[in-house]
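Subject: Structure for your files

Hello,

Here is the structure we spoke about, with its sequence.

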Amino acid sequence: MLEAPHYSAAGARLTAPFALPADLFDGTVHEPVLHQAVRAYLNNQRQGTHATKTRRWVAGGNRKPWRQKGTGRARQGTIRAPHWRGGGIVFGPQPRDYETTVPKKVKLLARKSALNARAREGALAVIEQVGLAQPKTSALLGLLARLGMDGGKTLVLTPYAEASAYDILWADAVVVEQQALGAPAPEGVVEAPAPRATKPAAPKAAKQAARKAATSATKAVTKATKQAPAKAATKAAPTAAKKKGGR
């Protein structure tokens, strides 16, 4: 049975090593299956947009460079032939789809083999739970430093259902939560990520109400300013008429 170093959530190494489950870690590494899975993964990352111009797509060369006979030179039909400078490319790469499918059981076997390879090398560690006081990169780097895995590429799996064989082989070391391996969760409370402090914001409804009130007040002042001269002229008109009639 394979064993791995066991660490607490704070990064302290425990005395007893962690016994890896036998159904996942049987010590067998299938190299042909690993090669197939890694090759399929790399193929699926390719875009396949490469393209070269054949003599069909190269511009120019619509007539013979010289006549067929009588020049003493070899006959030529176009200056865009592959053996001419600036001509078309023969058997060059063309856009294509590199998608490679792998059976599901082969993927699972490849991931199992990758985990076995890392466990046999001593590059796999089990941690009770990844608990960080704050969701910061520096906090995670500090935890990896306490685990002694800050010198290379480290893969943290919590859980590893989506991890591929390529991801496991790409990393120099692998850290797995014990819950991902089917072990029960550790007792006690583990540090949870601290919530981010947010600035108190005024409710949206209050902002809209204040905006409407300011707009209404501005309209009322404008309306009163426009109506004042008109009212004064209306009051002055009857007074002038009375004076004229009295005369």
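The notes below cover the sheet, a helix pair and the nonpolar cores.

This is a predicted model, in which local features need pLDDT of at least 70 and side-chain atom pairs count only at pLDDT 80 or more, while totals for chains, interfaces and linings use all residues. Residues are numbered from 1 along each chain as its sequence is written, and side-chain values use heavy atoms, without hydrogens or water.

Sheet. Helices (H or I, at least four residues) and strands (E, at least two) are DSSP runs, numbered from the N terminus. Four strands make an open, parallel sheet in the order E2-E4-E6-E5; strands pair if DSSP finds at least two bridges between them. Strand E2 (6-7) and E5 are at the edges with a single partner strand each, so one side of each has no neighbour in the sheet. E2 pairs with E4 over two bridges, and His 6 has Val 126 in E4 as its bridge partner.

Cores. A nonpolar core is a set of buried Ala, Val, Leu, Ile, Met, Phe, Trp, Tyr and Cys residues joined through side-chain atoms within 4.5 Å; buried means under 20% relative accessible area (1.4 Å probe, protein chains only). The largest has 27 residues, of which Leu 20, Leu 124 and Leu 181 touch the most other members. Helix H2 (104-121) is among the elements that supply at least two residues, and its share, five residues, is the largest. A second, separate core of 10 residues includes Tyr 7 and Ala 125.

Helix pair. In H1, Val 33, Leu 34, Gln 36 and Ala 37 meet H2 residues including Leu 109 and Ala 110.

Regards

Conventions:
Buried means under 20% relative accessible area, exposed over 50%, partly exposed in between (1.4 Å probe, protein chains only). Contact means heavy atoms within 4.5 Å.
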